[in-house]
Amino acid sequence: MKKEENSKGNRYGMVIDLDKCTGCGLCTVACASENNISVLYDESDKTRNIAWLQIYTITNGKDFPDTEVVYIPRPCMQCDNPPCVSVCPPTATRKDPNTGIISQIYSRCVGCRYCMAACPYHARSFNWFDPSFPEGMDRYLSPEVSPRMRGVVEKCTFCHHRLMRARSKAYAEGRRELKEDEYIPACAEACPTQAISFGDLNNPEHQVSQLIKSPHAFRLLERLGTEPKVYYLSAKNWVRRMADNYLAGELS
Amino acid sequence: MEFSRRNFIKFFAGGLGGTLLTPLPWKLIDDIAIWTQNWSWVPVPGKGKFSHVNTVCTLCPGACGIQVRKVGSRAVKIEGRSDYPVNHGAVCPLGMAGLQVLYNEGIRWKAPMKRMGPRGSQEWKEISWDEAIDTLAARIKGFRDKGNPEKLAAVDGNQSRSTMALLIKRLLNSIGSPNYLRMPREEDTHSMVNFLMQGFDSPLTFDLENADFILSFGCGLLDGWGSSGRMLNVWRRWATNDRQHKTHIVQVDPRASNTASKADLWLAPSPGTEAALALGMAHVIIKEKLYSKEFIDNHSFGFSDWFDEKGLEHKGFSGIVLGKYSPENVENITGIKSRVIIEVARKFASANAPIALAGRGKGTFPGSLYEFMSVHALNALKGRVNNKGGTLITDDVPLAPWADVVYDSVANNGLTKERIDRAGTLRYPFTRTLIHKFAEVINGSHSSPVDTLLLCSANPAYTMPDNQSFIKALKKIPFIVSFSPFMDESSMMADLILPDHSHLEKMVDIVRPTGIQYPLYALSRPVVKPLYRTRHTGDVIISLAKRIGGSIASSFQWANFEEAIKERVSGLYDAGENKVSWEDVKKNGYWYTPRHFFGKRSDIFKTASKKFEFFSTKIELAIKTYSKGLRPGKPSGLEGKSFDDALLNLGISAKGDEVYMPHYEEIKSGGDKNEYPLLLLPIEFINLATGWIGNPPFLNKTLFDYQLTKDDLFVEVNPKTASRYGLTEGAKAILKSPKGELSVRIHHFDGAMPDVIFIPFGLGHTAYDRYLKGKGVNPNEIIDPIEDPLSGQPVWWNTRVKLIKI
């Protein structure tokens, strides 16, 4: 199977503990400011705005005062079987066999949005407009991430530039292997309750490899076979059940 | 060649084939692809050397340590500082979006401005700093020379202990005006509780890091309460402790807020009955003798019945609580099952390090005094004062005092006049500042008693509950000077703008960030050079004082603000365990002594009884003094009558000794229950800025489309309540209170208490740029505040409203 493709290299993955996530939105802000994400005048238009990391809310559906709210931060799932890659006509998006990260090459993208249709997680955003930054705000743009142009699709890259940065540093020091905490995406670094863990799923020493063995670990829409590398943890049964679609009466 | 159809087709087919053989079309397509992606308005970030600057975020008094990544001279990213003792790496979304506050050209004042057209016309003229300061100095001198220095007033939003606040207060003092007003905060109520029950004039602080049971009466621990970076970090510690030491969190909240959803137990009493709930738990603890006998017997006053010097018997706290607040009674008041009250009280009492916290939302607004006292009584019952994981009484930050203010005769005379807001008078004995009263007095007088108003780090025209009254007052004030760096609602009404730097362009300090239990001094430093022709308000005030001259100039001897800070900081050099220098404090961004002598309880309380006072002798004295003042010189036979009048005036409905003790006061509200059957409860989100800083665009990204859609704000309503009004999800409705009406949309939320409308603070700006202006509505416009008993602070969470379907 395809997912065995990079069993030798790194397979970067993320584990998000939903019981620890407080829904503060810091991951979204950290992501946006790290990755030069543009802001629309009307950010409430969720079909037009750019969100690499979107937070969703679910509730247990019980009446007051037994209601519980759980937040689900959703970056790109960086699937091992990425449905977006196979549909891309100009190969603007592909899976890196050495890291498992799904890349997005903006200058190759023709804006057909097949990938957006294929992605079951809505993890991709299309630039309907020229990138807009409120007047003066282009001054905080980071040179590590290229701003996107109108007409291309963009998505979470697991902060790939941070991997490059960490690699350059390691290579300069004569190392080929990165340490666990050397490469962390901005969201995981920012998470104030440390609900987001990040590491190499191929490395049994890394915390993520241990966390995904938990009986509370699950992935979104697991039965589609996309094999996401973003895992979630929740001790709550109803949360785990809500992560996939089930027929009435069907037992999971 | 003959021009025929055949030849025509041949010519074009050949031409097409030939062109396709050349690289031209492919090259053109490629060029078009590149060209369409290379618009000149796609920004190209400038390159430069990477560097990191450590500083402190001063967007709120939470003072989180931040690290700013710079590329060349530009700041490109803000991250939390993991070596900072307040937040240990965690920051809030607003702090992380701080660069949008710094660099957003659309919201910043770029130079001193003078109003040209009529007020509100937004016609401004750029002026020089010299002219700006001269204008203000001449204005102040004008009324001061006539012997009316009290015509100057200031509204200050800087943290009360910070050097900026001290400097502004010093300016008013030296000029001779008592009218220094502050934006009210929850800390004010915590300070009052500390003053009345423990004798200290500083906010209560809680050793949350070491607590193992948190009973929060409404504090949005995860919704931005206190120093939010610290709270998120503490939450992480609580959650990652192993199972045996896991901190148990009970959240009292009328809505499934982030905190309530994440807590181990969520209790939802009727809003405003939190005091009764706390006392119901006190009842269980007293009745089952679960309290700390050692603390109650040795260090508390007024727990049991007692006799005063005149031999009169007084009821003790225990007697009143046992008599009035049985779990069954409290169930009737709060709606919380008596079984649950007993269970939680027992759990609280059996925990090793429990803390009861009073508060609401982010703590942006003051709370109810008796309620906060009732909650703190739980801490006292368990002897949590000065215990590890309890409420700590610690030393102040040992900053060096400045030289005394020099007063001339005008100043001395001016300072004897009564404050316009009447705070600190016999009627409001424990309240320092009452900004709503200030507006009320101005609105009620023929011509404004204030000639010149200074607005510093505050946007009361937007943030104040019932802001419309304040706007009305602003319109009456002849001359308004705004020091705001931002084009906010209040500065739009000003006559003179003296713009401050943004937080990342200046050095300011925060003394003991909100809720931090140890003496900690936070000092920020400039990260980037000022972008515009702005000037540090501290420097402006020093130049202004010098320009006014005389005794005022003598009170401001420093060359600039940094010197004024430096002089205070000099007190820290030898105060800690290790000697530090100015450079050390500047480099670290903090000074801190994390040591504390736990367990010390004797001789620490500064009350009249030298003990923790369940029966507050200060309240007793204040009310008795006030009641005498009501009937000066009347025969003693009327004393009883005047005393009842006093209570009535103070808004207290309790009688007898209960008045001096923590008790439950039913908060009345203005609206008629039949006409306005619903309750309006403003709520705060951690990802929506609610204070004087406008919400940056990145935070708009984090709002859900059921919170804001286009320009429509959603209110959260229980589906049952909404369906009673025939309001479906997303339906438009009018929200009407006695003060006014707002147009909103409905979001059905199971986690909302029935018959309560939850409306977020933070949107509905009428100023700032198009990313913020006109989005949503501002609940402050329809809040109908009444005064909290005794403290007189505005009660902002008890407005009656009705929903009208449209």
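This is a predicted model: local features need pLDDT of at least 70, side-chain atom pairs count only at pLDDT 80 or more; totals for chains, interfaces and linings use all residues.
**View 1. The open sheet of chain B and its edges.** Seven strands of chain B make up an open sheet of mixed pairing, in which the order is β5-β4-β19-β18-β17-β6-β7. The edge positions belong to β5 (124-126) and β7 (180-182) of chain B, each of which pairs on one side only. Helix α17 of chain B, spanning residues 435-444, packs on this sheet and touches β6, β7 and β17 of chain B, and its direction makes about 125° with that of β7(B).

**View 2. The pairing of β6 with β17 in chain B.** Strand β6 (residues 152-156) and strand β17 (residues 452-456), both of chain B, run parallel and are joined by five bridges. Within this pairing, A154(B) stands opposite L454(B), a residue of β17(B).

**View 3. The packing of helices α10 and α12 in chain B.** Helix α10 (residues 274-287) of chain B packs against helix α12 (residues 317-324) of chain B at an angle of about 110°, and their axes are 9 Å apart. Because angles of 65 to 115 degrees count as roughly perpendicular, α10(B) is described as roughly perpendicular to α12(B). On the α10(B) side the contact involves L279(B), A282(B), H283(B), I286(B) and K287(B), which meet F317(B), S318(B), V321(B) and L322(B) in α12(B). Sorted by class, the residues in this contact of α10(B) with α12(B) are six nonpolar, two polar and one charged.

**View 4. The crossing of helices α7 and α15 in chain B.** Helix α7 (residues 186-198) and helix α15 (residues 369-381) of chain B cross at roughly 60°, with axes that come within 9 Å, and this angle makes α7(B) oblique to α15(B). The crossing of these two helices, α7(B) and α15(B), is right-handed. From α7(B), the residues E186(B), T189(B), H190(B), M192(B), V193(B), L196(B), M197(B) and Q198(B) take part in the contact, while α15(B) contributes L369(B), F372(B), M373(B), H376(B) and A377(B). By class, the contact of α7(B) with α15(B) comprises eight nonpolar, four polar and one charged residues.

View 5. When residues up to four places away in sequence are not counted, E658(B) touches I320(B), K324(B), Y325(B) and H663(B).

Terms used
Residues are numbered from 1 along each chain as its sequence is written. Chains are lettered from A and ligands numbered from 1 in the order in which they are written. Side-chain values use heavy atoms; hydrogens and water are left out. Two strands pair if DSSP finds at least two bridges between them. Helices (H or I, at least four residues) and strands (E, at least two) are DSSP runs, numbered from the N terminus. Contact means heavy atoms within 4.5 Å. Axes are lines fitted to C-alpha atoms, for helices over the stretch in contact, and angles run from 0 to 180 degrees between N-to-C directions. Angles under 35 degrees count as roughly parallel, over 145 as roughly antiparallel, 65 to 115 as roughly perpendicular and the rest as oblique. Ala, Val, Leu, Ile, Met, Phe, Trp, Tyr, Cys and Pro count as nonpolar, Asp, Glu, Lys and Arg as charged, and the others, Gly among them, as polar. A crossing is left-handed if the near helix is turned anticlockwise from the far one by less than a right angle, and right-handed if clockwise.
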